[in-house]
Each structure stands twice: as structure tokens, then as C-alpha cells.
Amino acid sequence: MKPLLNVSSLKVNYGGVYAVKKISIKVYEGQIVSITGANGAGKSSTLNALTGIYAPSSGEIVFRGENIAGFHAHRIVKRRLVQVPEGRHLFPNLTVRENLFTGNHCLGRFFLGKFIPENILNIFPMLRDRLDTSASSLSGGQAQMLALARGLMAQPLLLLLDEPTLGLDPIMVKEVLNLLSILRKQGLTILVVEQNVRQTLEISDYAYVLESGRMVMEGRGTELLNDSMLVKSYIGFGKS
Amino acid sequence: MLNDYLLTVISNIGMISLLAISAYILLITGEISFGQQAYFGISAYSGAIATTLWGWPFWVSLLFGSLLAGIAAGLVSALTVRISGLYFSISTLAFSEMVRLFLLKFSYQKEIDGELLGPNGAEGFGGIRWIFDNNISVFQYTLLIYLILFLVIICLFFIERSGLGMIFRMIGQDPMLTRVHGINPVNYKVFAAVLAGFIAGLGGMLYAHSFTFIEPQIFNVMLGVHSLAYGLIGGLGTVFGPLIGVALDIGLLESIRVIHGYRMIVFGGLVAIMLILMPRGILDEKRVYRLRLALRNWLHV
């Protein structure tokens, strides 16, 4: 079976400093794949290179058989490789409804389509009551739900999530990760970058661990959870 | 009946509102232009040449001048679209000064009815007599200005409520996030610039025929700064925002003769205060949103 996304020998550098040093990733259809690691490991840089926010300095990013390395972000998202950026990044001066509309554009229109599929509101029922409120008035958890819903509006073939649980309380973290599991069961392929190692590995089919821009470990999520070195380095002593 | 002075103030508000709306369109896409007066001037000169020297009908000349302004704005935007922030602002300022300096040297005169007419460098361009030749009263011309302003506002009102308006605001708030949504800001910024140039052009052409005399000095940087300030005072949440700014400046500060001499001091202070207290103006996005909600509830009740 061919991977949906096949990244090989990817390098990203900022002004001569390599943030990502020759990493390779494979994502197969219907999987949740995670990239974990400490701050500054190169996780977000990898994701941003995949979605064209940064141009990789070398390497291949093959998505559905096409090498998209170096494409602009707006061209990549039209191939339905959709990123939900770190920090939830909403348009604060737009309403929840309008923020959802912004996810509609990937289908190649000059104007934004003004529609919200019913299934999106079924997945995120809390947004239904807040459609006409300003996005800036949402709590962190609600904003994350909106960011996720907006990502789904673009009908992604591969959804890339950058730190979706960052700054959320433990209940909300659980809710977001549960939601990812549900979306995977519905057939969505997800690549998630997370610092929340334990809970992410629990829901991941496959995981990569980055350290200083290098791949230091990879394997099935549950296998890595049992790796004593990983537990010691990233999760801490003892399992809760 | 309104006296001529009041009518002149009212018509001036209408024409400058078009320039303010033009700067506002760029402001909502996140760009500060100090050069919209250039397109106002380009259309004023070209439209006046068309009616006065070539004998073209008014409406054709209005369209000609405004299209020329829109095309010029599109070309400038296409060249500068990849720069933003301060660099973009400086480039618009440089272009507007280029236009003004060009007009100072530009001479194109023809003898019409035994009189030499047309732009003549620093001496300006007088004898733009379309309203006299067609027996149009000041009142009628004011109505014409407000008809055009009304049409522009209606068009922009619908654009703002459409997906296109939303894209303009997305680009203004976060260009990179906009790209992540599959939108190439470059195309939309150029489109916004053409639209803004065209609307400034409408104002410029109307201005030339209202005052019957224009000179390059009218289209100096202060006109651009004012047009920008109108949006910042009135608010960036709706197209009606810049109109409030114009009404406050021209309608209030310029018209009240007691403070006339101190207008620039009061206006400058007002801009400074507004930028501190209400950085996105009186009718900013949040207030517009609340007003819209209140209106909807009221209509629902």
C-alpha cells in the first residue's frame, strides 16, 4: 500500500541554522500519525514545511503521488492537505460562522462559499449555538473546536494539527484527543504535532519522536509508550 | 433652500468620501496607503481632459478617468504587492509624489472657442466648464455626487457582506493564515487596489468638474493623509466608517468658521486621541457586530 504522504530527507533551515535535519515520515490513509518531542525539536517547522508556510531547503514531500515540496501554502491546501495552525489562530474580528466559511475556500472559488455542512455542526454541537458570536469571545477550548471545525470545512484528505491541546485544561485535552479518535474512525487521516506525549501516543497508530531537528525514535504509538527511554525523556518517571 | 456655501460643503463631503472609501478598502486588507490622492488626481485630470478638450460625454469621461485610475492602481499594486507594512506605505507615497511632480510638468493645451484650455503644469487646469455648458446647478451636481456615492456604498455594502469582503478582512487580519486557507492574498490585494483606485477616480473626476479648476498641488500628500485618517476615525468595521470621518472633518471642523483656522490642530489631535482610545475607529468591527445584532433583535421583536 502506498502512503498518502511520503516525506523523505526533509531539511528546513532558517538563515543557515537547520531546524529540521533530514527527516522522513510516512502517513497511510486512515491513520493518526503523531510527531512528538520537546520544545525546539523541529515539530512545527516540519509541519509548516509540509503545508508550504516555509519552503524546505531540500527533500521530497510526496502527497498522493505528487511532489509538493516548495509549493505555496495556498496551492497545497487546494490539494486538500489542510493545516490547523498552532495557537488556534482564528480571525478574531469575524464571527464563528464567518470563521467557518473561511474554511470553504479550498474548493477553488474566487468568493468564499457561505455554507456550513450539517455534519460539521453535528460533530461540534457547541458551535451551533455560537454561530453569530464573535470568535474573539470564545474560550480556549471553544476556539480550538472552531479551529478544528474550520479545518474540516476544507474537506481534508489529510488534516495536519499543530499542538491542538496547547494551553487547554485536562478535560478539554481529553475531549480534543477523543474527537481526533472519532474523526479517524470516520476515515479521516490525521498528522498531529504534540508535546502532550503520553495522551497523543495513546491515540496514534504510528509516531515519530524528534530531538533537535533529528528523528530519534519511531514506532507504533503503544510500542513507544512502553519504551523506557522515551518514558524517561519525555513523559517522566512512572505512569499515571 | 440651501445656500451655495452649504451645498459646496455637502458636495465636498460627498467627493472626499469617495477618496476616504478608497483608502478604507486598502486599510481593511491590512495596507496603509498614503497615495490614494494620486488616483484621485489622475482621474481628475484625465476626466477633465476628456470632457473639456475632447468633448466626450460626462458619463463616458467619468468612466474613462476612473478606469485609468483603477488601472494605474492595479499596476502599482502588482509591482508592490509582495512588500507590505511600512515599505508598502512608502512606495505609495513615492508614487503619489511622482504623479504630482509629473502633473507639475504636464502640459497639454488646445484652443477651444478661441481660448487655450487644458493642463499647463504648475498653472493648473482651468475652464472645466461642463456644469456651466450644460446648465447644471450646484444643487443638481450635488445630487449627482450623492447618487454616485450611494451606488458605491451599496456595491461595497454587498461586497462586504459577501465572501469577497470576508477574504479582504482575512488578508487584513492574518495574510499567512489566509494562505493556509487556500487563498492567495496577492490576487485579492491587486483586486482591492484596482477597486480602490477606481473609486478614488470617481471622486477625482467629480471634484474637477465641481471646482472647474484643478492644479497639481491639490493632490499633495496631505490629501492622502486625510483620506487615511477618515477611515481610522470613523471606523474600519463598515463602509460607513470613513463617511463619519469625512463628516467630522469637513462637515464640522472645516465648516465651523470659528475653529476654521485651527482645523488641522484639532484634526491632528482627534486622530491621535482616536488611535489611542479606539485604534480601529468609532465603528470598529466589534461595534458594528453589536449594532448588527441589536438591529436584528429589534427587527425580530
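How many salt bridges are there between chain A and chain B? The count is one, a salt bridge being a side-chain nitrogen of Lys or Arg within 4 Å of a carboxyl oxygen of Asp or Glu. The partners are R296(B) and D132(A), whose side chains meet at 3.6 Å, N to O.

The model is predicted; local features need pLDDT of at least 70, side-chain atom pairs count only at pLDDT 80 or more, and totals for chains, interfaces and linings use all residues. Residues are numbered from 1 along each chain as its sequence is written, chains are lettered from A and ligands numbered from 1 in the order in which they are written, and side-chain values use heavy atoms, with hydrogens and water left out.

The interface was then described by contacts and area. Chain A places 31 residues in contact with 28 residues of chain B, where contact means heavy atoms within 4.5 Å. The two chains bury about 2500 Å² between them. Carbon and sulfur atoms carry 66% of that area. Buried area is the accessible area (1.4 Å probe) that two parts lose on being put together, summed over both.

Nine residue pairs, both members at pLDDT 80 or more, are in polar contact between chain A and chain B. A polar contact is a pair of N or O atoms within 3.5 Å; within protein, one must be able to donate a hydrogen and the other to accept it, and residues adjacent in sequence count only if both atoms are side-chain atoms. On the side of chain A that touches chain B, the elements giving two or more residues are α2 (73-77) and α3 (96-101) of chain A. Helices (H or I, at least four residues) and strands (E, at least two) are DSSP runs, numbered from the N terminus. The largest share, three residues, comes from α2(A). By class, this side has 13 nonpolar, 12 polar and six charged residues. Ala, Val, Leu, Ile, Met, Phe, Trp, Tyr, Cys and Pro count as nonpolar, Asp, Glu, Lys and Arg as charged, and the others, Gly among them, as polar.

Strand pairing within chain A was also examined. Two strands pair if DSSP finds at least two bridges between them. Strands β1 (residues 5-14) and β4 (residues 58-63) of chain A run antiparallel, joined by five bridges. Here K11(A) stands opposite S58(A). Two bridges join β4(A) to β5 (residues 66-67) of chain A, again antiparallel. V62(A) faces N67(A) across this pair. The hairpin has two residues between the strands, and R64(A) takes a positive phi near 50°.

A further hairpin is formed by β9(A) and β10(A). Strands β9 (residues 206-211) and β10 (residues 214-219) of chain A pair in the antiparallel sense over five bridges. E211(A) stands opposite R214(A). Two residues lie between the strands, and S212(A) takes a positive phi near 45°.
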